[in-house]
Amino acid sequence: MSKIIAANWKMHKTRSEAEQTAKEIAAAIRSASVPQDRTLMVFPAFLSLPVVAQALKECPKTFVGAQNFYPKDQGAFTGEVSLPMIKDAGASWVLIGHSERRHILGESLSLICEKTRYALEHDFGVMLCIGETLVEREEGKLKAILSEQLKTALAPLADLPKATLATSLMIAYEPVWAIGTGKVAGDSDVLEAHALVKDLLRFPNIDLSFVPVLYGGSVKPGNAKQLLSLANVDGLLIGGASLEAENFLQISRA
Ligand code: PEP
């Protein structure tokens with residue numbers, strides 16, 4: 001299966017900086033220095049979506065997504081951004097449930113559930129991020145937390161067309177203690193969590209175990225190859241190390 005290499009630029013880069021980085025990525029894709037069995041995804045800040053989408057428009061197997069959205073088409077939701085606006089900016093995917101949105105911005109399980117269905121019903125691809133905090137892991141709650149995050153967002157989707165679920169859904173397993181901390185999860189942690197996620201995706205009413213599961217958390221050019229070699233790791237979601245085009249491209253070649 002094609003490995004997915006996704007960049008989450010978070011609240012970094014002005015529009016011109018984002019455009020420059022996207023152009024560097026596009027040039028590498030055009031010169032065939034990214035392996036053809038890689039799918040690339042870039043999630044810039046909202047204001048940079050149009051320039052990044054434009055820069056990557058002609059690149060095969062390359063997708064642009066938004067880091068957030070509000071699940072209504074329009075209305076009195078001050079400060080929010082809708083999917084039609086994001087589509088108009090050239091993006092077709094969204095991140096949902098990133099730990100920074102769960103833990104810093106206070107997004108609830110029910111909002112994440114609503115956003116997941118809403119995006120899929122509006123023809124957007126969804127990368128659903130899940131992961132446990134250090135305290136939860138130390139308290140032996142890994143399975144309970146991943147199960148709750150997956151079940152609340154995905155089990156209600158059984159009525160959606162199989163084709164939608166097959167092409168428009170990815171999971172990113174990102175242990176919160178490994179995000180932006182430099183502490184990459186060990187091989188055994190990743191193997192355990194990814195096997196668990198695949199298993200938990202077999203809901204009684206719908207089997208979603210075919211959905212790609214990416215690992216995220218302090219991925220760098222130096223550890224990407226090893227992470228990609230692990231069972232059930234279908235790709236990588238990269239924050240800090242994706243901000244420099246060269247690092248992101250090195251990871252894509254890992
Ligand atoms: C992320 O924000 O999704 C992430 C994995 O960040 P970092 O690579 O910086 O740990």
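Which residues does L201 touch, not counting residues up to four places away in sequence? Leaving those out, L201 touches L150, L154, I171, I206, D207, L208, S209, V211 and V213, where touching is contact, meaning heavy atoms within 4.5 Å.

## About the model

This is a predicted model, in which local features need pLDDT of at least 70 and side-chain atom pairs count only at pLDDT 80 or more, while totals for chains, interfaces and linings use all residues. Residues are numbered from 1 along each chain as its sequence is written, and side-chain values use heavy atoms, with hydrogens and water left out.

## L201 and helix α9

Back to L201: you'll find this residue in the loop between α9 and β7. L201 counts as buried because its relative accessibility is 0%; buried means under 20% relative accessible area (1.4 Å probe, protein chains only). L201 and S147 are 54 residues apart in sequence, yet their C-alpha atoms are 8.5 Å apart in space.

Helix α9 itself covers residues 187-200, 14 residues in all, and spans 20 Å from its first C-alpha to its last, close to the 20 Å expected at 1.5 Å a residue. That expected span is 1.5 Å times one less than the number of residues. Helices here are DSSP runs (H or I, at least four residues), and strands are too (E, at least two), numbered from the N terminus. The buried residues of α9 are V190, A193, H194, L196, V197, K198 and L200. They pack against β5 (125-130), α7 (142-154), β6 (169-173), β7 (213-216) and α10 (221-229).

## The ligand's surroundings

Now for the ligand. Of the 14 residues around it, K10, E174, G180, S218 and G239 come nearest; a residue is near if one of its heavy atoms lies within 4 Å. A polar side-chain atom of E174 sits 2.6 Å from a ligand oxygen, and a polar backbone atom of G180 is 2.6 Å from an oxygen atom of the ligand. The side chain of H98 has an N or O atom 2.9 Å from a ligand oxygen. Taken alone, the ligand exposes 300 Å², and the protein buries 96% of that (Shrake-Rupley method, 1.4 Å probe).

## N68 in its loop

N68 is in the loop between β3 (62-66) and α3 (83-88). With 8% relative accessibility, N68 counts as buried. Its side chain makes polar contacts with the side chains of K115, at 2.5 Å, and R101, at 3.4 Å. Such a contact is a pair of N or O atoms within 3.5 Å; within protein, one must be able to donate a hydrogen and the other to accept it, and residues adjacent in sequence count only if both atoms are side-chain atoms.

Conventions
Buried means under 20% relative accessible area, exposed over 50%, partly exposed in between (1.4 Å probe, protein chains only).
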